[in-house]
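Reader: I would like to learn how to read domain contacts and helix packing in a model such as this one. Could we take the features one at a time?

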Amino acid sequence: MSHISVLLNETVDALLADRNTGVYIDGTFGRGGHTRLLLSRLDENSRVYAFDKDPQALAVGADLEREDARFKIIHASFADILDEMHKLGITQVDGVMADLGVSSPQLDQAERGFSFMHDGPLDMRMDNSQGQTAAEWLVEIDEEELANVIFKYGEERYSRRIARAIKQAGYIETTAKLAEIVKVAHPKWEKNKHAATRTFQAIRIAINKELDDIDAFLPQAVELLKPEGRLAVISFHSLEDRLIKQFIQKESTLPEDTGWGMPSKQIDTRQLKKISRIRASEEEVRLNPRSRSAWLRVAERLSLKGAE
Ligand SMILES: C[S@@+](CC[C@H](N)C(=O)[O-])C[C@H]1O[C@@H](n2cnc3c(N)ncnc32)[C@H](O)[C@@H]1O
């Protein structure tokens with residue numbers, strides 16, 4: 001099953017900023033939509049490195065490696081981007097992008113266990129070659145901690161009742177079973193949303209450490225960027241977008257008060273300049289409803305202080 005890339009041209013345009021050569025990183029290869037467009041815009045001396053946790057994405061990346069000598073796929077989390085690039089002897093790049101969250105094939109294949117729309121084993125791991133499945137994780141976690149996860153990552157008001165029902169159910173083998181348990185425990189269903197939507201999102205984020213990975217990734221990506229190199233990140237829900245927004249805000253704002261009576265200009269620690277914040281066009285949302293919640297944020301690395 002294929003994946004329709006979101007904000008495809010917008011992301012690649014922002015990342016390249018009129019360049020047609022250089023070294024770039026795609027932190028989330030997926031099915032390679034953004035990577036392929038990027039490669040098509042770059043000259044023969046350029047390189048693109050892509051990361052993905054998912055073995056199926058890796059297989060598609062390996063095919064592309066054979067097709068295009070400028071490309072390399074890496075089976076790792078983007079949370080380890082700095083180490084992985086250093087292992088390859090690369091310390092500076094011209095642009096880093098990420099298109100966060102799950103791919104359509106992950107959601108659509110019942111056996112990946114991400115969705116209550118397609119009944120399958122309760123798995124939810126992006127990297128299903130290692131770690132605990134959601135079913136195993138739910139057995140181990142205690143009720144209070146589970147309620148906190150559902151509240152924090154699902155923004156679900158009824159997290160306590162739902163956590164209690166899940167823990168009372170024992171080992172939950174399938175996505176349909178989990179959806180049913182949540183539905184029964186949920187006192188108030190939202191319009192146009194399955195009762196289990198928020199709980200599934202929360203468990204998925206926890207299992208894959210999605211927000212921790214983003215937190216780890218952002219400063220490492222900036223460290224890799226050359227002056228004028230671009231960071232472009234697409235997010236799909238407010239928890240992700242908040243992290244990116246706050247990070248860019250912090251790195252692009254002068255510290256107000258040093259506490260040492262020094263004018264803040266003298267210790268300018270800013271690393272980034274905000275470039276843009278882009279949403280999918282009406283036309284794109286019509287063709288691909290998944291793009292409705294997408295936000296692309298773009299920032300540029302400032303020249304190194306002291307080196308000017
Ligand atoms: C939305 S899809 C990317 C789609 C891609 N841009 C395309 O056009 O085909 C997100 C991908 O990122 C991967 N992913 C999510 N978090 C990751 C992480 N921390 N490290 C590496 N890959 C990750 C997922 O496995 C998934 O394949």
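Reader: How large is the area buried between domain 1 and domain 2, and what percentage of that area do carbon and sulfur atoms give?

Author: Buried area is the accessible area, taken with a 1.4 Å probe, that two parts lose on being put together, summed over both. Between domain 1 and domain 2 this area is about 1,000 Å², and carbon and sulfur atoms give 43% of it. On the side of domain 1, K53, D54 and L239 supply 41% of the area buried against domain 2, which is more than any other three residues. This is a predicted model, in which local features need pLDDT of at least 70 and side-chain atom pairs count only at pLDDT 80 or more, while totals for chains, interfaces and linings use all residues. Residues are numbered from 1 along each chain as its sequence is written, and side-chain values use heavy atoms, with hydrogens and water left out.

Reader: How are two packed helices described?

Author: Two packed helices are described by the angle between their axes and the distance between the axes. The axes are lines fitted to C-alpha atoms, for helices over the stretch in contact, and angles run from 0 to 180 degrees between N-to-C directions; helices (H or I, at least four residues) and strands (E, at least two) are DSSP runs, numbered from the N terminus. The axes of α2 (residues 33-41) and α3 (residues 55-67) come within 11 Å and cross at roughly 15 degrees, and therefore these helices are roughly parallel to each other. Angles under 35 degrees count as roughly parallel, over 145 as roughly antiparallel, 65 to 115 as roughly perpendicular and the rest as oblique.

Reader: Which residues of α2 and α3 meet, and is the crossing left-handed or right-handed?

Author: A crossing is left-handed if the near helix is turned anticlockwise from the far one by less than a right angle, and right-handed if clockwise; α2 passes α3 in a right-handed crossing. T35, R36 and L39 in α2 meet V60, L64 and E67 in α3. By class, this contact has three nonpolar, one polar and two charged residues, where Ala, Val, Leu, Ile, Met, Phe, Trp, Tyr, Cys and Pro count as nonpolar, Asp, Glu, Lys and Arg as charged, and the others, Gly among them, as polar.

Reader: At roughly what angle do the axes of α9 and α10 cross, and how many charged residues has their contact?

Author: The axes of α9 (residues 175-185) and α10 (residues 197-207) come within 9 Å and cross at roughly 125 degrees, and the two helices are therefore oblique to each other. Their crossing is right-handed. T175, L178, A179 and V182 of α9 make the contact with T199, F200 and I203 of α10, a contact with five nonpolar, two polar and no charged residues.

Conventions:
Contact means heavy atoms within 4.5 Å.
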